Amino acid sequence: MKKEEKIKTLNDCIGTNLLCRCYFKYDINYFYFYVHSVNDKFLLVQEEDDFITDGYQIRKVSDLKKLKIRDDLCAHINEMIGVTNAVVCPDVDISSWQTIFHSLKKLDKFIIVEDTYNEEFIIGLIEKIGKNFVKIKMFDAEGNWYEKPVKKLYSEITSIIWDDRYSTTWKKYFDLIETPENPRGIKAPPSTKKANSF
């Protein structure tokens, strides 16, 4: 599809509660999205996954391979059972990488930054927004914060995700446990990770 066709189809989805099936260059799978806004560089969408919404995403139009509006029974069931009531456009400016990350920083949420081409997954809080990079205060799968923030070039980012089940569950965990920032929290359980055996 030509870029103009992609943008027109995405724009046709805005405000309709119709799903858009999107295929990206870096993934053999497709995604279902409710489209909130689009420009010549970015699309801001809300993911639909088996009759639930699962967070927001920003992806690049240049990575979009093809797409199609889905006006079928599943889309109508989403309306019937109230899934589309959760389709709300977030206050995020997608004019540029800088406006995107400044908007997300104001939301004070955990975000996921993905570089699918290099199989890199970063989760945490936005710490610094540069001209051509972002630095994320990141934690690992054991809930330990890295000593230094992780730097990611804008040119390498394939998606930004927030308000999904994964990141919001981690945020709830960190809001509950005892940390220097939250001394009245619950003491975290000891790690259940087993030592490597040789």
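**Whole chain**

Start with everything shown as a cartoon. The model is predicted. Count 4 helices and 10 strands in the protein chain.

Of the contacts in the protein chain with a separation of 6 or more, 55% join residues 24 or more positions apart.

**Surface and charge**

The protein chain exposes about 11,800 Å². Carbon and sulfur atoms supply 52% of that area. Colour by burial next: buried residues make up 44% of the 198 residues.

Then select the charged side chains. There are 30 positive and 31 negative ones in the protein chain. The centres of the two sets lie 4 Å apart.

**Cysteines**

Select the cysteines and show their sulfur atoms. How many disulfides are there? The count is 0.

Go to cysteine 74. Cysteine 74 is partly exposed, at a relative accessible area of 25%.

Move to cysteine 89. This residue is in no disulfide either. Its nearest cysteine sulfur belongs to cysteine 13, 14 Å away. Cysteine 89 is partly exposed, with a relative accessible area of 47%.

**Aromatic pairs**

Hide the cysteines and select the aromatic rings. The structure holds 23 aromatic pairs.

Zoom in on tyrosine 30 and tyrosine 32. Their rings form an edge-to-face pair. The centres are 5.3 Å apart, with 70° between the planes. The angle is over 60 degrees, so the pair counts as edge-to-face. Buried or partly exposed: which is tyrosine 30? Tyrosine 30 is partly exposed, at 42% relative accessibility. Tyrosine 32 is buried, at 12%.

Select tryptophan 145 and phenylalanine 174 next. Their ring centres are 4.9 Å apart and the planes meet at 45°, so this pair is tilted. Where do the two residues sit? Tryptophan 145 is in the loop between strand E8 (133–138) and strand E9 (150–153). Phenylalanine 174 is in helix H4 (residues 165–176). The pair therefore ties together parts that are 29 residues apart in sequence. Tryptophan 145 is partly exposed, at 30% relative accessibility, while phenylalanine 174 is buried, with a relative accessible area of 8%.

Centre on phenylalanine 139. Phenylalanine 139 lies in the loop between E8 and E9, the loop that also holds tryptophan 145. Phenylalanine 139 is buried, with a relative accessible area of 3%.

Which residues are in contact with phenylalanine 139, leaving aside its neighbours within four places in sequence? Show Phe110, Trp145, Trp170 and Phe174, which are among them.

Last stop: draw a distance from the C-alpha atom of phenylalanine 139 to that of proline 149. The two residues are 10 residues apart along the chain, and the C-alpha atoms are separated by 9.4 Å.

Notes. Residues numbered from 1 in each chain as written. Predicted model: local features only at pLDDT ≥ 70, side-chain atom pairs only at ≥ 80, totals over all residues. Heavy atoms only, no water. Disulfide = S-S within 2.5 Å. Buried < 20%, exposed > 50% of the residue type's maximum accessible area, 1.4 Å probe, protein only. Contact = heavy atoms within 4.5 Å. Areas by Shrake-Rupley, 256 points an atom, 1.4 Å probe, with all protein chains shown as cover. Lys, Arg positive; Asp, Glu negative; His and termini not counted. Charge placed at Lys NZ, Arg CZ, Asp CG, Glu CD. Phe/Tyr/Trp six-rings, centres within 6.5 Å; stacked < 30°, edge-to-face > 60°.
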